[in-house]
Amino acid sequence: MATSNEHDLKCLTIEELERHAHDLMDKQTRDYYNEGADSGSTLRENMTAYEKYRIRPRVLRDVSAVDTTVNIFGHKNSVPLGVAPTAMQCLAHSDGEIGTANACKKAGIVMGLSSFATKSLEDVADASEENPNVLQLYLFEDKEHSRKLIQRAKKAGFKAVFLTVDTPFLGRRNLEIRNQFKLPPHFKVANFADENTGPSEDSNGRPPLKRRSSQAGYHDGEKWVSPTGPVTFHSHAANPTLTWEKDIDWLKSECQPEMQVWVKGIATGDDAILALHHGVDGIVVSNHGGRQLNGALATLDALPEIVAAVGGKIPIHVDGGIRHGTDVFKALALGADFVWIGRPVLWGLAYKGQTGVELALKLISDEIRLCMALAGTVKVSDITKEYLVKIDKSGFVSRL
Ligand SMILES: Cc1cc2nc3c(=O)[nH]c(=O)nc-3n(C[C@H](O)[C@H](O)[C@H](O)COP(=O)(O)O)c2cc1C
Ligand SMILES: O=C(O)C(=O)c1ccccc1
C-alpha cells in the first residue's frame, strides 16, 4: 500500500487538482480551458452522467494482482486511458506539450497532440521516444496545410490521426469572446510556425492559417465575428465543408497504412455506422468536452447506442467529464474500449508543469486499479455491464 510520502497531500483527487490549478491560471487561460459552449449544460452533464450508474462489486475473488494494462496502437498502455488533445498547453505552463509528453512516457500512457499545440509535433515525438502519440487533425479547407501536417506526423512516427468532426463551426464560448481570448505573442502555434506569411485573407475573409496568434471568435451563420476585429486562424479549426464522401477517403489515402484514421466527435449510432461504412479504424465518442453543441447528450449517455450500432467491429473510445477511476470503470462497463481525459491534464500542467501532469495521471491510474480490485475484476476485459446498474432520480435501481 502507498504511504503518505508518495502522495501530494494537497491534491489527492482531480477535484483538488482543479481547485489548486484554478488559482494558478490567469483568468483568460482558466476561462478558455474550463468553459463550455453557451450555458454549459453539456459540459456539466458530461460529468453528472456518471452519477446515474452504480457499480455491482463482486467479492472473494483473488484480486491481489490486478492487470490494468491494455494494448493500443501495438503498445502496452498502463491503464485504459489516454491524454486527449487540447490546444495551446503552454498557456498553462511553459513545459506545455513537452511536459505532457514526458509525463505520458513515464506513465506509459498514449498522448493525443492537438494540431494547435504550442510545441511542434517533431519535438513532442522526440520527447515521447517509443511512447505512442496520435495527432488530432483539423482538416483545413486548404488541404495542402493538412497534407503537410500528415506527412510530418508520419515521418515523426505518429500512430494515428484523430480527425475532429464536431467542429463545422466553433461553438460559442462566451467567456472566450468577452475576454477577447488571444494567444499571447510570446507563444506560437508551433505546427504552423515556419510557414511563410501569405495573403491577409482567405476566400472566407479569414486571416491565413499561418498567422501565429489566436483570437476568439465565432461564426454567426454568415461570417466570422470577433469582438476585436477579424479573427485569426483560430477559426480554421472549423471547416463546414467536410463530408464523409469527400474527405474520409482522401484522409485514408493520405494516412494509411502507416497511420490509422479515427474520427473524434461521434455522438450517434447513425454516424457510427457511417464511420464503419467509410472504413475508419476507430471512433471517439466525444462532444469536445461540451465546447461545441450545447444541449447535446452527455457522452456517457450517447455511448450505448453507439456501442450497439458498431457491434464490436471497430474500437470505441469515449471522452468528456472523466474525473475518477470509477468513471473509467463505468465507461468501460458500458462498452467503451478506452477513455481519454482533457482538462485534468491542463490542470496538472497549471499546478506544477510536467510534475503536475504526472500527478494527474497517477491519481486517476491509482483509482482505476483500486476500483477494479474492489469491484472484483482482475483484468480490463473482465469489466462488463454485469458490473453496473442504473439508478434513477427516485432511487429505483435497474440492471442493464
Ligand atoms: C482547452 C481545450 C482545448 C481543446 N482543444 C482541442 C483541440 O485542439 N482539438 C480537439 O479535437 N479537441 C480539443 N479539445 C477537446 C478534447 O480533446 C476532449 O474532447 C475534451 O477535453 C474531453 O473532455 P474533458 O475535458 O471533460 O475531459 C479541447 C478541450 C479543451 C478543454
Ligand atoms: O478550443 C478548442 O476546443 C479547440 O478545439 C480549438 C479551436 C481552435 C483553435 C484551437 C483549439
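**A walk from the ligand to the core**

Hi everyone, let's start at the ligand. Around ligand 1 there are 23 residues, and Ser114, Thr164, Gly289, Gly342 and Arg343 come nearest. Please keep in mind that this is a predicted model. What classes of residue make up the shell around ligand 1? Eleven are polar, eight are nonpolar and four are charged.

Next, a residue that comes with a label. The UniProt record, an unreviewed entry, places the feature "active site" at His288. Where is that in the fold? His288 is in the loop between strand 11 (282-285) and helix 10 (299-310). Is His288 buried or exposed? The cut-off for buried is 20 or more other C-beta atoms within 10 Å, and His288 has 26 such neighbours, so it counts as buried. Setting aside neighbours within four places in sequence, His288 is in contact with Asp166, Thr167 and Gly265.

In soluble globular proteins, nonpolar side chains tend to be buried together. Here, the largest nonpolar core has 112 residues, and Val161, Ile283 and Ile306 have the most contacts inside it. Which element gives the largest share of this core? That is helix 12 (residues 343-375), with 16 residues.

Let's zoom in on Ile283. Again leaving out neighbours within four places in sequence, the contacts of Ile283 include Trp262, Val263, Ile266, Ile306 and Val310.

One last stop: helix 3, residues 41-48. Its buried residues are Thr42, Leu43, Glu45 and Asn46, and helix 10 is among the things that cover them.

Terms used
Residues numbered from 1 in each chain as written. Chains lettered and ligands numbered in written order. Predicted model: local features only at pLDDT ≥ 70, side-chain atom pairs only at ≥ 80, totals over all residues. Near = placed C-beta within 6 Å. Nonpolar A, V, L, I, M, F, W, Y, C, P; charged D, E, K, R; others polar. Core = buried A, V, L, I, M, F, W, Y, C linked by C-beta atoms within 7 Å. Buried ≥ 20, exposed ≤ 12 C-beta atoms within 10 Å, placed from the backbone. Helix = DSSP H or I, 4+ residues; strand = E, 2+ residues; numbered from the N terminus. Contact = placed C-beta atoms within 7 Å. UniProt positions renumbered as here; feature names shortened; annotations may be inferred.
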